[in-house]
Amino acid sequence: MEYLWQGLIKALKLIVSLDREVFGIVLLSLRVSVTAIVLSALVGMPLGVLVGLRRFPGKRLFVTIVNTLMALPTVVVGLLVYTMLSHRGPLGVLGLLFTPAAMITAQSILVLPLVVGLTIVGITGVDPTVRKTAVSLGANELQAALAVVMEARYVLLAAIIAAFGRAIAEVGAAMMVGGNIKGSTRVITTAIALETGKGEFELAFALGIVLLSVAALINTALYKLQAGVR
Amino acid sequence: MSTPKLRARELQKFYNGRKILDIKDLAIEKGELCLIVGPNGAGKTTLLMLLSFLDLPDRGEVYYDGINPNGSKSALLSVRRRLTLVMQRPVIFKTTVFKNVAYGLRVRHLRRGLIREKVTRSLSLVGLSGYEDRNALNLSQGEAQRVALARAIAVEPEVLMLDEPTANLDPANIRTIEDLVRLINRELGTTVVIVTHDMLQVRRLGGHVIFLSKGTIIREEWLPQITPQTPSDLWPDEAIEGEMLNLTTFRGKLGTDYPPDVVERRRGTALKPGPENRPANGAPVFPTL
């Protein structure tokens, strides 16, 4: 037990002293995951809104596929992106493998089904009379759709929170396509995995604490935002 | 005779292969207070959805000022911006009272100052001045209904349609809403179409009454539009309720069914009989009892 306590104390010292390595890793983690969330939200939310509002043949099949992909294993995404970006792969010429861009790509793909799926849930959960009310008050099609989105905004924010949690906490894809290169593609989760493997718990602990704090901080901020849009 | 504000011809609507609405010919004149009454399942709400262009008929046409906008997106939007419907269970948007009432004005891209002005006026009309910043989700049912009404009148529609506006409300709220309906109809000249199953409300409001049963119009009457003076006008006892179920017919056209000097009540004002106040022959009349 002794080494656990020592590890924890050293970890806190690393955080308090604003250790350069720790904060480099944390900042990269945030950069990668936040970019991935923004990208998947830009694509996934409009798609989810469209699917949620429209009726079309094959809609149920589409929703089933999206729901299945919500549980996509991170290593499968890692494998997929790796094969696409490896120098023998179709996108190999871009030279993106083992760069933050590759990690962003992988995480975007990973959370996209989550964003689309939860957006559909949010939109279809809105009382259908909201749209009719908007139309009867003179809204055009786009304005009426926006009214529905506004009514679903809590669920949409929850989708962002869930997607961010999945992105920042995943390790498989980041390890596979990022390569865990120190100072370049090493993020919180891959660093923890590496340090634990080496038996050097203090850095792992420090990063674990930071990871939890970052998650708590961002969720609090988003919930505050949610309360603000009421 | 001028073009009716709303006209439905050979209107049919089916649900699961069953005909639920079959209207041969229905005309609602400009400035009219029109009440659509009938038992549950008579097709009242279905008819209202078609008249407000929120639903498409399976057969037949609905004309607004002589134009059938169904089929043209731009014509439809333009007509929809001239009428508005308050549904039976109005949806209140999850935001403040102000933003709810301002909604129809915002989608029309009105100036901010003008929006504030109109919202303030509408809220004061429904007796909810000072409610602007309240969370609309924390309103009582009566307040929510009034916010929905304020939201509808804020856009100053030519036709205001209300689906069971007073169902499940207490007497005080019913009175507020009925007074408001009279005011909007008489002072602003807005055509008002109300769906109700309450015969006492029909008596209290009066006007062009359309009786609907099993999807068809079984009777049309023009009842006097009374201005209640005493509480008994508003809340007739059960004896009057019994009498009400046996409505007398007052339909007719001036000059043919009624003598030209009949006292006419239009928008609540009893006009003195005389040539200067005589409406044109053929105009619908609301003779006093």
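## About the model

This is a predicted model, in which local features need pLDDT of at least 70 and side-chain atom pairs count only at pLDDT 80 or more, while totals for chains, interfaces and linings use all residues. Residues are numbered from 1 along each chain as its sequence is written, chains are lettered from A and ligands numbered from 1 in the order in which they are written, and side-chain values use heavy atoms, with hydrogens and water left out.

## The two chains

Chain A has 11 helices and 0 strands, whereas chain B has 9 helices and 11 strands; here helices (H or I, at least four residues) and strands (E, at least two) are DSSP runs, numbered from the N terminus. Of the 230 residues in chain A, 44% are buried.

The accessible surface, calculated by the Shrake-Rupley method with a 1.4 Å probe, comes to about 11,800 Å² for chain A, and carbon and sulfur atoms supply 72% of it. For chain B the accessible surface is about 13,600 Å², of which 49% belongs to carbon and sulfur atoms. A contact means heavy atoms within 4.5 Å. Among the contacts in chain A with a separation of 6 or more, 76% are between residues 24 or more positions apart, and in chain B 68% of the contacts between residues at least 6 apart in sequence join residues at least 24 apart.

## The nonpolar cores

A nonpolar core is a set of buried Ala, Val, Leu, Ile, Met, Phe, Trp, Tyr and Cys residues joined through side-chain atoms within 4.5 Å. The largest such core has 72 residues, and those that touch the most other members are I36(B), L47(B), L51(B) and M161(B). Helix α8 (residues 153–169) of chain A gives this core its largest share, 8 residues. The core also draws at least three residues from each of domain 1 (1–82 + 159–172 + 191–223) and domain 2 (90–156) of chain B, with bounds that come from an automatic or database domain assignment.

Leaving aside residues up to four places away in sequence, L51(B) touches L6(B), A8(B), L26(B), I28(B), I36(B), V62(B), L83(B) and M161(B). A second, separate core of 43 residues has among its members L123(B), V147(B), L160(B) and L169(B).

## The sheet of three strands in chain B

Strands of a sheet pair through backbone hydrogen bonds, either parallel or antiparallel. In chain B, an open sheet of 3 strands has the order β2-β1-β4 with antiparallel pairing, and two strands are said to pair if DSSP finds at least two bridges between them. The edge strands are β2 (18–28) and β4 (59–64) of chain B, each of which pairs on one side only. Neighbouring strands of this sheet are turned by 20° against each other on average, direction ignored.

Strand β1 (residues 6–15) of chain B is joined to β4(B) by 5 bridges, and the two run antiparallel; in β4(B), V62(B) is the bridge partner of A8(B). Helix α1 (residues 44–51) of chain B lies across β1, β2 and β4 of chain B and runs at about 55° to β2(B). For such angles, axes are lines fitted to C-alpha atoms, for helices over the stretch in contact, and the values run from 0 to 180 degrees between N-to-C directions.

## The sheet of six strands in chain B

Another open sheet of chain B has 6 strands in the order β5-β6-β7-β3-β8-β9, with mixed pairing. Strands β5 (83–86) and β9 (216–223) of chain B stand at the edges with a single partner strand each, so one side of each is left without a neighbour in the sheet. The twist averages 15° from one strand to the next.

Strand β3 (residues 33–37) and strand β7 (residues 191–196) of chain B pair in the parallel sense over 5 bridges, and the bridge partner of V37(B) in β7(B) is T196(B). Helix α6 (residues 171–187) of chain B packs on this sheet, where α6 touches β3, β6 (159–163) and β7 of chain B, and its direction makes about 150° with that of β7(B).

## Two loop residues in chain A

L18(A), in the loop between α1 (2–16) and α2 (20–53) of chain A, has a phi near 50°, a positive value in a residue other than glycine. L18(A) is exposed, with a relative accessible area of 61%. F98(A), in the loop between α4 (74–85) and α5 (100–124) of chain A, has a positive phi near 65°, and F98(A) is partly exposed, with a relative accessible area of 34%.

Key: Buried means under 20% relative accessible area, exposed over 50%, partly exposed in between (1.4 Å probe, protein chains only).
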